[in-house]
Amino acid sequence: MTITRRGFTAFSAAMAASFYAPKVIGQTKPKVVVIGGGAGGATAARYIAKDSKGAIDVTLIEPTRNYYTCFFSNLYLGGFRDFESIGHSYGKLASDYGINVIHDWATGVDRDAKTVSLASGTTVPYDRLVIAPGIDFKYETVPGYSIEAQNRMPHSWKAGSQTQLLKAQVDAMPEGGTFVMVAPPNPFRCPPGPYERVSMIAHVLKQKNPTAKIVILDPKEKFSKQGLFMEGWEKYYPGMIEWLPASMTEGVTRVDPATMEIETPLDTFKADAANVIPGQKAGHIAEAAGLTDDSGFCPIVPATMQSQKDENIHVLGDATIAGDMPKSGFSANSQAKVAAMAVRAGLTDSKLFPARFANTCWSLIETDDGVKVGAKYEATDEKIAKTDGFISQTGEDAALRKQTYEESVGWYDGITKDIFG
Ligand code: FAD
């Protein structure tokens, strides 16, 4: 059954429990399949398995055996973390929570038959499906960029070998060389992420290559925590970083990975190392399952994270249109708990409580100088709506900034345990 967008957005949290299909208690165990073992999917799988206490069969489909978090990958680039510290395996989800972890790609979803097909040729049936595939790229937003180009001009916007490649390229820059970042257009994962990355690369260059320059070619006119980053760049890295919004350059018209040139109507920039982050859309499997709209992302029902296009599918994290929530690991983890509760309410006798969401995005500007922005959210009929928020202030004292950084380290340890067990 497919539900129209209008019909489904009008649907309230109170109505949600009665809307679900008849419960299958006493019959064979209901089956939940989760596609994507990142911040959203692994959390959902763990919470459904943990809180249903064996009443639901949970299968997690994720191609990689080690998931490297994008969160704190910038700190790896800055030399504050080693690479292993941002890697996580799925062993505990299998051994401690009884989740059937399948390392494979989901290649298709048959929404009528309620099955997921895998690259290996297997078909996995579900009663409820959770999809959390993260993002894929809109390469056409940067003319000349492609999947082949990412080896010369890494995006490093999915963590792993791309992150290591970018670090190697920054380390190999000649003395006084130029690092160019092509920043992404909205909406994209981790709004402060590009600017934290620039801070971390500046931190490395300041020590190893102090005459090097950083140029940011930005399609946007403003960015997250801009005042805080600008203040920090002036304080720690004076004269090193140049931020050029599209109103100054008229935008990037072509990148050439062979010559490492990046063209704009203003000038052609020759990069010694380049980080090109294209526009983004929901991970391909969400589109293949017919869950995206014209924006390239997936409309959801805020109270339950169900797809507006299919009541048997919940979509989480960066792949969704999540109202006021930014695309972040914290958001994906928070949305996963709402979805897990809704899945259990739909398949067993557990209760559905009103959805509550939270997010904080931390960024490190220089050693012990951390800043944050965050908010709480609730589900309205229209969207996930912000209820209150906070942001670090310019001019804060060093002790508070150090405390904010330490808070972020504690958060990383806590959230990765919450995701992977
Ligand atoms: P992901 O975590 O990307 O997980 C998606 C998973 O789905 C992947 O493991 C992928 O392999 C799998 N997958 C995709 N397609 C398929 C398929 N067809 N079949 C099976 N599996 C599939 N967030 C924060 O909260 N705090 C931060 O400090 C922060 N810093 C960041 C810094 C950077 C540089 C970047 C790039 C991001 C940062 N983020 C941060 C954002 C955060 O990483 C993402 O928002 C978060 O990972 C989204 O979770 P997700 O589950 O939607 O997607």
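Pro187 sits in the loop between β11 (178-182) and α7 (193-208). Helices (H or I, at least four residues) and strands (E, at least two) are DSSP runs, numbered from the N terminus. The peptide bond from Asn186 to Pro187 is cis, with omega near -10 degrees. Most peptide bonds are trans, and most residues other than glycine have a negative phi.

This is a predicted model: local features need pLDDT of at least 70, side-chain atom pairs count only at pLDDT 80 or more, and totals for chains, interfaces and linings use all residues. Residues are numbered from 1 along each chain as its sequence is written, and side-chain values use heavy atoms, with hydrogens and water left out.

Phe72 has a positive phi, near 75 degrees. Its place is the loop between β3 (66-68) and α4. Phe72 counts as buried because its relative accessibility is 8%. Buried means under 20% relative accessible area, exposed over 50%, partly exposed in between (1.4 Å probe, protein chains only). Ser156 also has a positive phi, near 50 degrees. Ser156 lies in the loop between β10 (135-138) and α6 (161-171). At 1% relative accessibility, Ser156 is buried too.

**Ligand site**

The ligand is surrounded by 34 residues; the closest are Gly40, Glu62, Tyr67, Arg189 and Asp318. A residue is near a molecule if one of its heavy atoms lies within 4 Å of it. By class, the shell holds 18 nonpolar, 10 polar and 6 charged residues. Ala, Val, Leu, Ile, Met, Phe, Trp, Tyr, Cys and Pro count as nonpolar, Asp, Glu, Lys and Arg as charged, and the others, Gly among them, as polar.

α3 (39-52), α4 (73-77) and α11 (329-347) each supply at least two shell residues. The largest share, 3 residues, comes from α11. Domain 1 (5-134 + 283-353) and domain 2 (144-277) each give the shell at least three residues. These bounds come from an automatic or database domain assignment.

| Protein atom | Ligand atom | Distance |
|---|---|---|
| Asp318, polar side-chain atom | oxygen | 2.8 Å |
| Gly329, polar backbone atom | nitrogen | 2.9 Å |
| Ala132, polar backbone atom | oxygen | 3.4 Å |

Taken alone, the ligand exposes 1000 Å², and the protein buries 94% of that. Areas come from the Shrake-Rupley method with a 1.4 Å probe.

**Nonpolar core**

The largest nonpolar core has 105 residues, and Ile131, Ile214 and Ile216 have the most contacts inside it. Such a core joins buried Ala, Val, Leu, Ile, Met, Phe, Trp, Tyr and Cys residues through side-chain atoms within 4.5 Å. α11 gives this core its largest share, 8 residues.

Methods
Polar contact = N/O pair within 3.5 Å; in protein donor to acceptor, adjacent residues only side chain to side chain.
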